[in-house]
Number of protein chains: 2
Amino acid sequence: MAGKHLASVDSADRQWMALALEQARATAAAGEVPVGAVLVDGEGLLASAGNCPITSFDPTAHAEIVALRTAARRLGNYRLPGTTLYVTLEPCLMCMGAILHARVERLVYGATDPKGGAAHSLYQIGSDHRLNHQLKISGGILAGECAALLRQFFRKRRKVGSTPAVGAMLADDEPAGE
Amino acid sequence: MAGKHLASVDSADRQWMALALEQARATAAAGEVPVGAVLVDGEGLLASAGNCPITSFDPTAHAEIVALRTAARRLGNYRLPGTTLYVTLEPCLMCMGAILHARVERLVYGATDPKGGAAHSLYQIGSDHRLNHQLKISGGILAGECAALLRQFFRKRRKVGSTPAVGAMLADDEPAGE
């Protein structure tokens, strides 16, 4: 039973991450670093968003933040207990902080960010018991596709000679961009 | 000359922090944890804001974030180089992350937050050279007034039997509130 339950959760995780990837692809078309996020609860989808700091003139408009803000406004509550956030790239410090403030129950991410990730890579914010919320974290879901999308974006950017605009990192050989 | 320069900077710091305190007082009247922020550049005031997550249904609506977003929208740029952010309480992880993303040059805060502060107390985010921006930080400006406002707010909350709503901490004996 436990195995079946885990397999079922994993399949749902991949489905939600595929939706986050769709958001990431859409944001790449707008010239933003392709990161996407979706927020769900037991009932289903609450919000989906793509990374958009440049086009929205907002340094905080990472995909995670936009999804959290959208869901909170929709529910009329700044706390979002019982939710799971799916995001294609390991969240940065800002986003991990926001996830704690919103009381998200679980975080699922795709690619790791060795230069800016605050879930596992540089910091382990979700398990710091000095802070007043902790959460379950799973990394590596559809990681190959999530990372490939970022790699392709940065490669294209380098070809046209412009510098990447947001500090998403997917591999050691990619620039932080910020 | 150096002394005179420092004295002048200090006087300007206190004036801007007094304005941030006004924002904090206004937000307390709305039932939010009283934290205020102002963002300035060489020309003067760019944005001022009070903490408002509850009333705006937005887990990210700390005073710092609202000030950064307002200024970025006003300037039409998600980067805010050459700016100084004044805030009455030591910023949390989320806000420190946002400050780095926005490329703020200098942070000046009032009261320390021993349970959630990410500038000096729990983390020293502004001086982490693995991240792609660092900034100058001064703490303790009008700290007594900034802390007294928070203490008074939490005392009143305890009297009416409700729990504080946002995790601002001003002293070891105050609840984190989140």
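**Sheet and interface in a predicted model**

In chain B of this predicted model, strand 4, which spans residues 106–111, runs parallel to strand 5 and is paired with it over three bridges. One of the residues involved is R106(B), whose bridge partner in strand 5 of chain B is K136(B).

This pair of strands belongs to an open sheet of five strands in chain B, where the order is 2-1-3-4-5 and the pairing is mixed. At the edges lie strand 2 (44–50) and strand 5 (136–138) of chain B, each of which pairs on one side only. From one strand to the next, the twist averages 15°. Helix 2 of chain B, made of residues 63–75, packs on the sheet, where it touches strand 1 (36–41), strand 2 and strand 3 (84–89) of chain B, and its direction makes about 140° with that of strand 2.

Chain A and chain B each bring 36 residues to the contact, and the area buried between them is about 3300 Å², with 60% of it coming from carbon and sulfur atoms.

Two salt bridges are found across this interface, and in a salt bridge between D58(A) and R69(B) the side chains meet with an N to O distance of 2.8 Å. Between chain A and chain B, five residue pairs are counted in polar contact. On the side of chain A that touches chain B, helix 2 (63–75) and helix 3 (93–101) of chain A each supply at least two residues, and the residues of that side divide into 19 nonpolar, eight polar and nine charged.

Terms used. Residues are numbered from 1 along each chain as its sequence is written. Chains are lettered from A and ligands numbered from 1 in the order in which they are written. This is a predicted model: local features need pLDDT of at least 70, side-chain atom pairs count only at pLDDT 80 or more; totals for chains, interfaces and linings use all residues. Side-chain values use heavy atoms; hydrogens and water are left out. Contact means heavy atoms within 4.5 Å. Buried area is the accessible area (1.4 Å probe) that two parts lose on being put together, summed over both. A salt bridge is a side-chain nitrogen of Lys or Arg within 4 Å of a carboxyl oxygen of Asp or Glu. A polar contact is a pair of N or O atoms within 3.5 Å; within protein, one must be able to donate a hydrogen and the other to accept it, and residues adjacent in sequence count only if both atoms are side-chain atoms. Helices (H or I, at least four residues) and strands (E, at least two) are DSSP runs, numbered from the N terminus. Ala, Val, Leu, Ile, Met, Phe, Trp, Tyr, Cys and Pro count as nonpolar, Asp, Glu, Lys and Arg as charged, and the others, Gly among them, as polar. Two strands pair if DSSP finds at least two bridges between them. Axes are lines fitted to C-alpha atoms, for helices over the stretch in contact, and angles run from 0 to 180 degrees between N-to-C directions.
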